[in-house]
Amino acid sequence: RGIDAAAEGKEGDTFPLIIIAGFPQEMQSFLAAQGALRKRFSLTFEFPDYTCKELAKIFIDLCQAKGFYLEDTLSVRVLSDLLEKNTTAEWRAERNGRVCEMLLSGARTEVRRRSREATFEEHEVDPQLIIRSDVENVMKAEFK
């Protein structure tokens, strides 16, 4: 409804700031279909997809924010290399920052699995520690 009101507005109308967001191709199609609306948006910003290095940094920050920590071998470089090796640019672009959420969710599942197995083998697993094999297992099983 707000979009319709913005499209019907007359020159000189003062509307509050309106932001519409989406993937570039979908936004171009949307605005092309809304001829009257297109001229109301004089500025557009396009943000590039995250690089593997940026995704690795986001993943580390997300882990820390959720109370997890990574084993020492899981540096930004190692995580970046794993992402580069186990995903395509197209796959990452479709998911963008959600890649990090998916990776953390999968890693948590791997930590729980290791904890259950450790119970039977009578050794302890730190429930907050994400190890390299956790990340590798998630990428192999869930990332394409």
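How many salt bridges does the rule give? I took a salt bridge as a side-chain nitrogen of Lys or Arg within 4 Å of a carboxyl oxygen of Asp or Glu. By this rule the count comes to 6.

**Basis.** I worked on a predicted model, where local features need pLDDT of at least 70, side-chain atom pairs count only at pLDDT 80 or more, and totals for chains, interfaces and linings use all residues. Residues are numbered from 1 along each chain as its sequence is written, and side-chain values use heavy atoms, with hydrogens and water left out.

**Terms.** For accessibility I used buried for under 20% relative accessible area, exposed for over 50%, and partly exposed for values in between (1.4 Å probe, protein chains only). Helices (H or I, at least four residues) and strands (E, at least two) are DSSP runs, which I numbered from the N terminus.

**Entry, helix H5.** I looked up Arg-77 and Asp-81, whose side chains form a salt bridge at 4.0 Å, N to O. Both residues sit in helix H5 (residues 76-86), 4 residues apart, which means a separation of about one helical turn. I noted Arg-77 as exposed, with a relative accessible area of 66%. Asp-81 is partly exposed at 45%.

**Entry, helix H7.** Next I checked Glu-110 and Arg-113, where the closest N and O atoms of the salt bridge are 2.7 Å apart. The two residues lie 3 apart in helix H7 (residues 98-121), about one turn of the helix. Is Glu-110 buried or exposed? I found Glu-110 buried, at 14% relative accessible area. Arg-113 is partly exposed, at 24%.

**Entry, H7 to H8.** I then turned to Asp-134 and Arg-114, a salt bridge with an N to O distance of 2.8 Å. Asp-134 belongs to helix H8 (residues 132-142) and Arg-114 to helix H7, so this pair ties together parts that are 20 residues apart in sequence. I recorded Asp-134 as buried, with a relative accessible area of 0%. Arg-114 is also buried, at 14%.

I also traced shared partners: salt bridges join Glu-110, Arg-113 and Glu-117 into one network.

**Entry, backbone.** Which residue did I note for a positive phi? Asn-96, a residue other than glycine, has phi near 50°. I placed Asn-96 in the loop between helix H6 (89-95) and H7. Its relative accessible area is 23%, so I listed Asn-96 as partly exposed.
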